[in-house]
Amino acid sequence: VNYWDWCMAGWGASCIDIDLSPWAGKSNIRIAFETYSNYGNPLMIDNVSISQYVGTEESGTEKEKLQVYPNPANGSFYVILPEKNNYTRLSLFNRMGQTVYATILSGRTNRIEINQENKLVPGIYFIKIRGSEETLTAKIIIY
């Protein structure tokens, strides 16, 4: 067996990442693999992993400043703002970049409750907090 034939190790097929977020929270999901082979070689699928991580990641400083819990959530969750609170607007975006919720933060405390149960479809959402000096983002998974 020539291990250099596998993805990311020379020639051959490349490794493939598939976004499964459209099916988050759904049951009985099946994934099929289709391929063609050269000279009758069999299909080999190995090292399949399913992960909760997605390609868009908050920076290390944003993780420390902006907290979201519980995460994943059923549509009701809390956003904890940094101590130095000069933020004016909170927006919630779906993975297509559409605003699904927005509120003004002026005069609010550091703990914001978002209650959107039964209004959000399961999937990955992004929270954006805007202020006069900076903008922070965080990810939330709705089930």
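**Strand pairing and core of the predicted chain**

Strand β1 (residues 67–69) and strand β2 are joined by three bridges and run antiparallel. Strands here are DSSP runs of E with at least two residues, helices are runs of H or I with at least four residues, and both are numbered from the N terminus. Two strands are taken to pair if DSSP finds at least two bridges between them. The model is predicted, and local features need pLDDT of at least 70, side-chain atom pairs count only at pLDDT 80 or more, and totals for chains, interfaces and linings use all residues. Residues are numbered from 1 along each chain as its sequence is written, and side-chain values use heavy atoms, with hydrogens and water left out.

The protein chain holds one helix and seven strands, in the order α-β-β-β-β-β-β-β from the N terminus on. Of its 143 residues, 26% are buried, where buried means under 20% relative accessible area, exposed over 50%, and partly exposed in between (1.4 Å probe, protein chains only). The accessible surface of the protein chain is about 10,700 Å², and carbon and sulfur atoms account for 51% of this surface; areas come from the Shrake-Rupley method with a 1.4 Å probe, and for residues only the protein chains shown count as cover. Among contacts (heavy atoms within 4.5 Å) in the protein chain with a separation of 6 or more, 57% are between residues 24 or more positions apart.

β1 and β2 form a hairpin with six residues between them, and G75 in the turn has a positive phi of about 120°. Within this pair, V68 has V79 of β2 as its bridge partner. Strand β2 (residues 76–80) is also joined to β5, by five bridges in an antiparallel arrangement. In β5, N115 is the bridge partner of S76 and I112 that of V79. Four of the five residues of β2 are buried, so β2 is largely enclosed by the rest of the structure.

An open sheet is formed by four strands in the order β4-β3-β6-β7, with antiparallel pairing. β4 (99–104) and β7 (135–142) stand at the edges with a single partner strand each, so one side of each has no neighbour in the sheet. From one strand to the next the twist averages 20°, with axes fitted as lines to C-alpha atoms (for helices over the stretch in contact) and angles running from 0 to 180 degrees between N-to-C directions. Strands β3 (residues 87–93) and β6 (residues 123–131) pair over six bridges, and S91 stands opposite K128 in β6.

The largest nonpolar core has 21 residues, of which F77, V79, L90, L92, I127, I129 and I140 touch the most other members. Such a core is a set of buried Ala, Val, Leu, Ile, Met, Phe, Trp, Tyr and Cys residues joined through side-chain atoms within 4.5 Å. At least two residues of this core come from each of β2, β3, β5, β6 and β7, and β7 gives the most, with four. Leaving aside residues up to four places away in sequence, the contacts of V79 include L66, V68, L90, I112, I114, I127 and I129.

N94 lies in the loop between β3 and β4 and is buried, at a relative accessible area of 15%. Its side chain makes a polar contact with the side chain of Q98 (2.7 Å). A polar contact is a pair of N or O atoms within 3.5 Å; within protein, one must be able to donate a hydrogen and the other to accept it, and residues adjacent in sequence count only if both atoms are side-chain atoms. Not counting residues up to four places away in sequence, N94 touches V100, I124, Y125 and F126.
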